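Thanks for coming. I will go through a few ring contacts and then one piece of the sheet. Please have the structure open while I talk.

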Amino acid sequence: MSTPKVTQKLLEEQKTLQAAKKRYILELTNQMRTPMNVISGMIDISKNNVTDSHQVSDCLDTMMVANREIQSLVEKIQDMAYLEEEVILDTPTPVKLTGVAERAIRKVCSSRPEYHGKVSIDSDVRHHVVIADDRHLTNAFTYVVDDVIKSLDVDEDVVFYMREKFTTSSGNGMYELTVSRKWPADGQNRSYESQVTMARARMLFLAMGGSVEINPLDGYDQIRLTQAFPYGAESDVEVDDVDSELESIDFWGMRILVAEDNVLNMQVMEALLKEQGIIVTKAWNGKEAVEIFEEAGEDAFDLVILDVKMPVMNGYEAAEEIRAMDTEYAKDIIIFTVTAEDDEESVSKIFASGIDRYFLKPVNVKEILKEYIRMTE
């Protein structure tokens, strides 16, 4: 019996995608060698010039750039694991749609400083606030922005056009984010990376009731993101100026319990927190963290930060043990986790265990303190 045409086409698309994924992963692992070699070389130069503070400073700056490149490559490799994963949406919350797109642009441009100030949003919407899954929506926009910017020349300005197409009587709205880009003269063959990136973007938008369309238009490619949301208030979401607020807050004497089994990670976390005048209590596994928390008594800590993967007792179990204690303090204490994993299963386990927020490694203490401020206001 012959295979139906639709099924045959789907099988062919899956084979093409699998081949693209395999080739793309090989490309990424090869790209990883360059920044790793740079860091190795800068370490050697620093060792040989310990007394030359300017030379060491230059080496540190170079290593920071290489480190950001490695972070970007690692995130892309992780995306391969999530590509075919079922998308489990978070609880929808009110978000400013243009704000989501702006965050995606900032995230992409943070690893491409040559595009700072050259990528912008031109917005024309009546209903700025939508009810949506903020995390997945930001990720979906980020995939598309990243794919567009990679295909452009550095001297080109990039403008994304945000438009509200219509709103229905039932409260649904349709929004489009479009951008035109010129394909290379040698044809319109999309790279393996582009195929994989856009496949993930399509999955996320489909899960949220939208779509991604790529249409050739007079020698240009127009990426159209069409998304339908029930909208909230017509005014903008109020944006707290947390960055400036952070500078004015005195964290001196704040008490944080940190559980981390990796010595280097603990040293980094402790040093960054102590710079803010924060008192750090260290635990080297989840069980030790629970025991310290319990023995310290009521109101001993303002915040608990747990690593997820630890010996003896992991971060999920430690959070559950703390939440199970028979005190309001244990039930109300803010618990954060720092992790290298943000797949759907891990995120579900994080929130199910009683952890309030998660942050991806490498550690960004500023983001942790900003979120703490938001939650305690």
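This is a predicted model: local features need pLDDT of at least 70, side-chain atom pairs count only at pLDDT 80 or more; totals for chains, interfaces and linings use all residues.

Now the rings. The model has 4 aromatic pairs. In one of them, Phe293 and Tyr329 are stacked, with 5.0 Å from centre to centre and 10° between the planes. The two residues are 36 apart in the chain, and the pair links distant parts of it: Phe293 sits in helix α8, residues 286-296, and Tyr329 in helix α10, residues 328-332. Ring pairs also bring in Phe301, so that Phe293, Phe301 and Tyr329 make up a cluster.

Next, Phe351 and Tyr358. How are their planes set, stacked or edge-to-face? The angle between the planes is 65°, with the centres 6.1 Å apart, so this pair is edge-to-face.

Last, the strands. Strand β8, residues 255-259, and strand β9, residues 279-283, run parallel and are joined by 5 bridges. To find one of the contacts, look at Leu257: its bridge partner in β9 is Thr281. Between the two strands the chain passes through helix α7, residues 263-274. Which hand does this β-α-β crossover have? The crossover is right-handed.

That is where I will stop.

How values were computed:
Residues are numbered from 1 along each chain as its sequence is written. Side-chain values use heavy atoms; hydrogens and water are left out. Rings of Phe, Tyr and Trp (its six-membered ring) pair if their centres lie within 6.5 Å; planes under 30 degrees apart count as stacked, over 60 as edge-to-face and the rest as tilted. Helices (H or I, at least four residues) and strands (E, at least two) are DSSP runs, numbered from the N terminus. Two strands pair if DSSP finds at least two bridges between them. A crossover is right-handed if, with the strands pointing away from the viewer, the path from the first strand over the helix to the second runs clockwise.
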